[in-house]
Amino acid sequence: MGSSRVDPIRGRRREAGQLVAPYILILPSLLLAFWIIGYPIWDLTDMSLHSVTRFGQLKEFSGLANFSHLIAEPLFLECLIRTLVWTFAVVGGTVLLSIPIALILADDFVGRRVLRVIIMLPWAVSLTMSGIVWRWALNGQSGMLNATLYDFGLMKQPITWLATADTAFPIEIAIGILVSIPFSVTVFLGGLSSLPREIFEAARIDGASGWQRWRFLTFPLIRPFINIVLVLNFIYVFNSFPLIWVMTQGDPANSTDILVTWLYKLAFRYGKLDIASALSIVMFLILLAFTVVYAVLAMRNEREAG
Amino acid sequence: MCKVLGLLVGAAALAFTIASAQAKDEIRVVVGFYSAATQAIFEGMAKDFNAAHPDVDVKIEVVQWDNLQQRLTTDIAGGNPPDIALIGTRWLVDFVHNDIAEPLDGYITPEFKSRFIESFMAPSTINGKIYALPVAASARAMYYNKDLFAKAGIQNPPENWDQLVDDAKKIKALGADIYGFALQGKEIETDAYWYYSLWTHGGDLIEDGKSGVGSPGAIAGLQLYRDLIDQGLTEPEPTGYNRQDIERLFKQGRVGMILTGPWLRGQMKADAPALNYGIAQIPAGTRKATYGVTDSLMLFKSGKHNKLAWQFLDETAFSPKWRIEFTTKEGFLPVTKVEADAPVFTGDPQLKAFTDMLPYAHFAPPIPNWEQAADATIRALQQVYTKQVKPDAALKDAATSIDAILKQ
């Protein structure tokens, strides 16, 4: 020990240097990130506080008028509620289905590799393409789904699936879940493969049942991965545009519009760039608030559990 | 090293060609994609003009109609509009209000003006000034399946809506998957499909500067469609069908009557050559009406080559040769007198059904924020087609929101 004793002052200086060095090293990427993320937010904020022509020319400063216009619009609340339904349903369904799928795929069995590839396949197809294929499949006159149901004798009259929100929106949620599963399964598989085998063997020797092993070992251990999947999916799904846009464009009568499809209409169809910017800011703040609240809750849980 | 050198040489060569290209005056023309023929037609015009003016280079860009408005908007916002743009004439008001469109009265000579059929100039005339020139015109008519009509024992196409309802009932009786009248319920021009009914019932889109979609004529027009749905005379659940979907039903011989434009004639030749169909006027209500639509060419106020661009329009784009070429190949109605007198048009009986309707044509009113008003209307229609709201309540709601949109 004696020979490794260091001069306290030099040691502190080295510690200080060690503290600062990492920050200096990541400073360039930090600045770049601030620029890439910060500039659009600054630009959007600027637009949301001015009146803007449909050709993007900034006119007079209008304070919070765009925000009050936005909130006065009945569609705003309608779309906000539907966005929350859409997001919670898709994310909840995805997590509930992905965990069992990941548990099965984590086991060793013949054909596991093939199954893993099949589960991942929807990921390889762009959302727009999936949307187009489903739109065809759900067509009332020539769709695959109707033809199949008809062949099995399950249907007498063709159903136009995308004609009303009662059928269209649940279908869109189901397809949203289907395309979100690959990413979530991948994360869970990674999490499961990182768990130490010994504790499961020990539990088995101690006579823990399958349910007990899941409830008291697997679940608490993959909790951080569930948190990641929840937060990332929440952000993706909340902002997910292509599926709904391709399948129904928010029709009929805005009954499948979520905030982001309405945002597109406001900005690019109606030329209301100022109100659209205000809506973007509101959506950004909602996501930010959700992520922060969730992160705090998750951290507190972990600390209590630890 | 070699690669770098090659790149440098390439870049230098590129810079050189750009520099030498800039020595020539360049006119950029952005046009919408009508069909596979569009590019060749406009390239042909460019070639003709280049031959007469070797110092000018005409560049043609063809853009999908769905993206065209957004594309022009971004170009204008970026300070780089084309010299000539093809637009849907209903967008023109927004360009004029934002002081972006170049007024053309200073360029137009009496001879040039006399080339056009007068009524087609009206939609692009705003506050007494001409801001764009019509290139493509269409009116809408009713296509009917002659075989289904014969099977149902109907002699002639319906002349009014009462007859249409009777005929649709007879056609419906032919089979479970055969429908009397096609009703479009979603996406682009869903509103237009109802305007036929609105206009023929005496309504108007704008009345005394306010929205007319809540007027008695409009409500009667929508009630008619709602009755057709309730009696099962249309395809089931129309809000699942866009324009292509109902046109497909017609091509498959599964629907008796459909209201649409001249383009379906060309598609029928390719997709359903065996189908025996006729074209008649839109059924009358209290009056006759159809929807007239024009697309126009415009110049920009900030354009640097407006004189040359005008020469291109005057000498080439609106010359008899290219007018006839464009209109025949794209299947539109004549907008200039030379076209109307050309044998291709005078000898085409099907086209006559469309041109006969022109005196009754209503054009989109020159109001700002057209797309937003159209969407408010479509929302009301879909509420009625899905049987959620009664026609008068839905339309009065729509009229209120359109009034607010007009004031913006």
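These questions and answers concern chain B of a predicted model.

User: Where in chain B is confidence lowest, by helix?
Analyst: Chain B as a whole has a mean pLDDT of 90, and 94% of its residues reach 70 or more. Within chain B, helix H9 (residues 216–230) has the highest confidence, at 97. The lowest is a mean of 50, in helix H1 (residues 2–23) of chain B.

User: How many contacts does the stretch 16–21 of chain B have beyond near neighbours in sequence?
Analyst: The pLDDT is below 50 over residues 16–21 of chain B. Where pLDDT is low, the predicted coordinates should not be read in detail. Beyond near neighbours in sequence, the number of contacts for residues 16–21 of chain B in the model is zero.

User: Which element gives the largest share of the side of chain B that touches chain A?
Analyst: In this contact, 21 residues of chain B meet 19 residues of chain A. Two elements of chain B give two or more residues to that side, helix H3 (65–77) and helix H17 (370–385). The largest share, five residues, comes from H17(B).

User: Which helix gives the most to the side of domain 1 of chain B that touches domain 2 of chain B?
Analyst: The domain assignment of chain B places 25–138 + 293–363 in domain 1 and 140–289 + 366–407 in domain 2. Their contact takes 16 residues from domain 1 of chain B and 17 residues from domain 2 of chain B. On the domain 1 side, the elements giving two or more residues are helix H4 (92–97) and helix H16 (349–357) of chain B. With five residues, the helix that gives the most is H16(B).

Definitions and conventions
Residues numbered from 1 in each chain as written. Chains lettered and ligands numbered in written order. Predicted model: local features only at pLDDT ≥ 70, side-chain atom pairs only at ≥ 80, totals over all residues. Contact = placed C-beta atoms within 7 Å. Helix = DSSP H or I, 4+ residues; strand = E, 2+ residues; numbered from the N terminus. pLDDT = per-residue confidence, 0-100. Domains from an automatic or database assignment.
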